[in-house]
Amino acid sequence: MKRHQHHTFDVVIAGGGQVGLALAVSLRVSAPSLSVVVVDASDVSARRRLSRVATIAAGGRRLLERLDVWDEIKPHAQSVTSMIVTDSRNSDTVRPVFLTFDPGAGAAGDEPGAHVVADGVVVDALFRRAAQAGVDIRQEDRVVSFEAGGARIVCQTAAGETLPAKLLVAADGLKSWLRDMAGISTIGWSYGQSGIVATIAHERPHNGRAEEHFLPSGPFAILPLKGNRSSLVWTEPTDIAKRLVDGDAAVLGAELRRRAGRHLGKITIDGPVRAFPLGLRIARSFVGPRFALAGDSAHAIHPIAGQGLNLGYRDIAALAETVVETHRLGLDIGGLPALEAYDRWRRFDTAEMALVTDVLNRLFANDNPALRLVRDVGLGVVDRLPGLKEMFAEEARGDGAAAPRLLRGEPI
């Protein structure tokens, strides 16, 4: 049966992942008078079964604390207490460490710089908090069309609902078709690489240490999970990644162990192994008439620095702050001044991070002897300059002086 809705919401959010739900809760907690609806094609139970893992930087964790969901997530999250960076070949028996990080050093109270947790745990907690905060959640439905005009944008859903609103936010992922419907083009390219993601169980403890091994085919990251388990993000040329994932499990396991090394003891694959194509994709504008992009619908970058999701948390905090402050002034939250302020806030930071990850991938995903010398000397220099290391760590934590208030743990 088709349902119809003619109440005008303040904000409609298309997408119920971490970005969409966290934005909805941020708006309701900061300004309870705002009416917010989330429309998502899946349901929370389906998301909980997915094996994706999220690396949440300190800024994102502070936002989740401010939203009163971190206490529920924390028992399932592994803190990253240290990080090492190596540069070697697969055949090297010794991998010299060129750079070490304490991700939380310099932060308030030397807090962990990041936590690693299953995506489904975070989405589940945010879903319950959103319902508690009065967010109207429409599961197993999606926005199929919209039309902006005058003081509102009118959204139509697959279930036959009409949802008028002052602002529509697309948080519907990398292949956002709402972005395309809004006429917003993107710029970017494919790297010809795929990221292989898997969870492993290992004999010895990781002690909270994250590892980034730069190999000729691309970075091989080991991220600590609760217990003697870790998450892998393993970059290979797309054709090789496909052969590994679709081929013999014994070959995949042997190649994995060759790259992971022996310090974790016996390693077994714990769960499904997936591969996804890697590329750079940035929206040419983050806004349109009564329309805003957030998260992967606005940007997709190489996972080499583990900042993809955390760029989404920066979007959330910036957009929530812009909307709430505009609302408190009695101005139009979907009007051009508010949306242009959000666009200016986020586009430079996003472009900067995209450039950094692009350069790092091109610099390290090769076996050129001259480049290897340059990058190894560079890593060594950074390792010996505490001030420079702290600058990089602060950027990774997302807690610089220019960060939105929620990322600094402050209310809007």
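**Overall picture**

The model is predicted. The protein chain holds 12 helices and 20 strands. Of its 412 residues, 52% are buried. The accessible surface comes to about 17,700 Å². Carbon and sulfur atoms own 57% of that surface. Contacts in the chain with a separation of 6 or more are 74% from residues 24 or more positions apart.

The table sets out the geometry of both pairs.

| Pair | Residue ranges | Axes come within | Crossing angle |
|---|---|---|---|
| α1 and α5 | α1 residues 18-30; α5 residues 119-133 | 9 Å | roughly 30° |
| α3 and α9 | α3 residues 58-66; α9 residues 308-328 | 9 Å | roughly 45° |

Take α1 and α5. Their axes cross at roughly 30°. Angles under 35 degrees count as roughly parallel, and α1 and α5 are therefore roughly parallel to each other. Their crossing is left-handed. On the α1 side, the contact uses Q18, L21, A22, V25, R28 and V29. On the α5 side, the partners are D119, V122, V123, L126, F127, R129, A130 and A133. By class, this contact of α1 with α5 has 10 nonpolar, 1 polar and 3 charged residues.

Now α3 and α9. Their axes cross at roughly 45°. That angle makes α3 oblique to α9. The crossing of α3 past α9 is left-handed. Helix α3 contributes G60, L63 and L64 to the contact. Helix α9 contributes Y313, I316 and A317. By class, the contact of α3 with α9 has 5 nonpolar residues, 1 polar residue and no charged residues.

P404 sits in the segment after α12 (386-397). Is P404 buried or exposed? Its relative accessibility is 6%, so P404 counts as buried; the cut-off for buried is under 20%.

Which residues does P404 touch, leaving aside neighbours within four places in sequence? They are R314, A317, A318, E321 and W345. A317 also belongs to the α9 side of the contact with α3. A318 is 86 residues from P404 along the chain. Even so, the C-alpha atoms of P404 and A318 are separated by 5.6 Å.

How values were computed
Residues are numbered from 1 along each chain as its sequence is written. This is a predicted model: local features need pLDDT of at least 70, side-chain atom pairs count only at pLDDT 80 or more; totals for chains, interfaces and linings use all residues. Side-chain values use heavy atoms; hydrogens and water are left out. Axes are lines fitted to C-alpha atoms, for helices over the stretch in contact, and angles run from 0 to 180 degrees between N-to-C directions. Helices (H or I, at least four residues) and strands (E, at least two) are DSSP runs, numbered from the N terminus. Angles under 35 degrees count as roughly parallel, over 145 as roughly antiparallel, 65 to 115 as roughly perpendicular and the rest as oblique. A crossing is left-handed if the near helix is turned anticlockwise from the far one by less than a right angle, and right-handed if clockwise. Contact means heavy atoms within 4.5 Å. Ala, Val, Leu, Ile, Met, Phe, Trp, Tyr, Cys and Pro count as nonpolar, Asp, Glu, Lys and Arg as charged, and the others, Gly among them, as polar. Buried means under 20% relative accessible area, exposed over 50%, partly exposed in between (1.4 Å probe, protein chains only). Accessible areas come from the Shrake-Rupley method with a 1.4 Å probe; for residues, only the protein chains shown count as cover.
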